Amino acid sequence: MVAMETVQCPFCGQAFELAVDTGVASQRFTTDCEICCRPFEVVAECEEGEILSMDVAANWSGRDGAARCLHHAFSYWTRAQLREHSAL
C-alpha cells in the first residue's frame, strides 16, 4: 500500500507530496525535489498502510562525483535557516 506524506526539501524549503510504499518496513532511498530537482535522502519506518516516521537529509556529492557525501538532516528548516547554512 502506498501512503502520501508531505516533505520539505532540505535545499529550497518547498513542501510537496511524496509517495511511500508502506509495505517495506524500514527503507532508505534518494529522490529528487519536485521544485529544485536536487537529490535528497529519505529514511522511513512504516507499518502496512502507515508511515511511522520519516526524515529527509540533504545529499551533497563532490563535483567530480567522488564518494564524498555529507548528510545533514534539514527537515522543516525555514528559508532563512537554509540561506544561513548555504552561506557557510
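**Reading strands and core in a predicted model**

Colleague: Which residues touch the most other members of the largest nonpolar core?

Modeller: Val7, Val20, Phe40 and Met54 do, in a core of 17 residues. Strands S1, S2, S4 (39–47) and S5 (50–61) each supply at least two residues of this core. As a general idea, nonpolar side chains tend to be buried together in soluble globular proteins. A nonpolar core here is a set of buried Ala, Val, Leu, Ile, Met, Phe, Trp, Tyr and Cys residues joined through side-chain atoms within 4.5 Å. Buried means under 20% relative accessible area, exposed over 50%, and partly exposed in between, with a 1.4 Å probe and protein chains only.

One note on the ground rules: this is a predicted model, in which local features need pLDDT of at least 70 and side-chain atom pairs count only at pLDDT 80 or more, while totals for chains, interfaces and linings use all residues. Residues are numbered from 1 along each chain as its sequence is written, and side-chain values use heavy atoms, with hydrogens and water left out.

Colleague: What order do the elements of the protein chain follow from the N terminus on?

Modeller: The elements are DSSP runs numbered from the N terminus: helices are H or I with at least four residues, strands E with at least two. The order here is β-β-β-β-β-β-α, that is, six strands and one helix.

Colleague: How many bridges join S1 to S2?

Modeller: Two strands pair if DSSP finds at least two bridges between them. S1 (residues 2–8) and S2 (residues 15–21) run antiparallel and are joined by seven bridges. To pick out one of them, look at glutamate 5, whose bridge partner in S2 is leucine 18. The two strands form a hairpin with six residues between them, and glycine 13 in the turn has a positive phi of about 85 degrees.

Colleague: Back to valine 20: with which residues is it in contact, leaving aside neighbours within four places in sequence?

Modeller: Contact means heavy atoms within 4.5 Å. Valine 20 is in contact with Met1, Val2, Ala3, Gln27, Ala44, Cys46, Ile51 and Met54.

Colleague: Is glutamine 27 buried or exposed?

Modeller: Glutamine 27 sits in strand S3 (residues 26–32) and counts as buried because its relative accessibility is 13%. Its polar side chain atoms can be read through polar contacts, which are pairs of N or O atoms within 3.5 Å; within protein, one must be able to donate a hydrogen and the other to accept it, and residues adjacent in sequence count only if both atoms are side-chain atoms. The glutamine 27 side chain reaches the backbone oxygen of aspartate 21 at 2.9 Å, and one of its polar atoms lies 3.0 Å from the backbone oxygen of valine 24.

Colleague: And is methionine 1 buried or exposed?

Modeller: Methionine 1, in the segment before S1, counts as exposed because its relative accessibility is 59%. Although methionine 1 and glutamate 48 are 47 residues apart in sequence, their C-alpha atoms are 6.7 Å apart.

Colleague: Which side chain makes a polar contact with that of glutamate 45?

Modeller: The serine 26 side chain does, at 2.9 Å. Glutamate 45 belongs to strand S4, and at 33% relative accessibility it counts as partly exposed.
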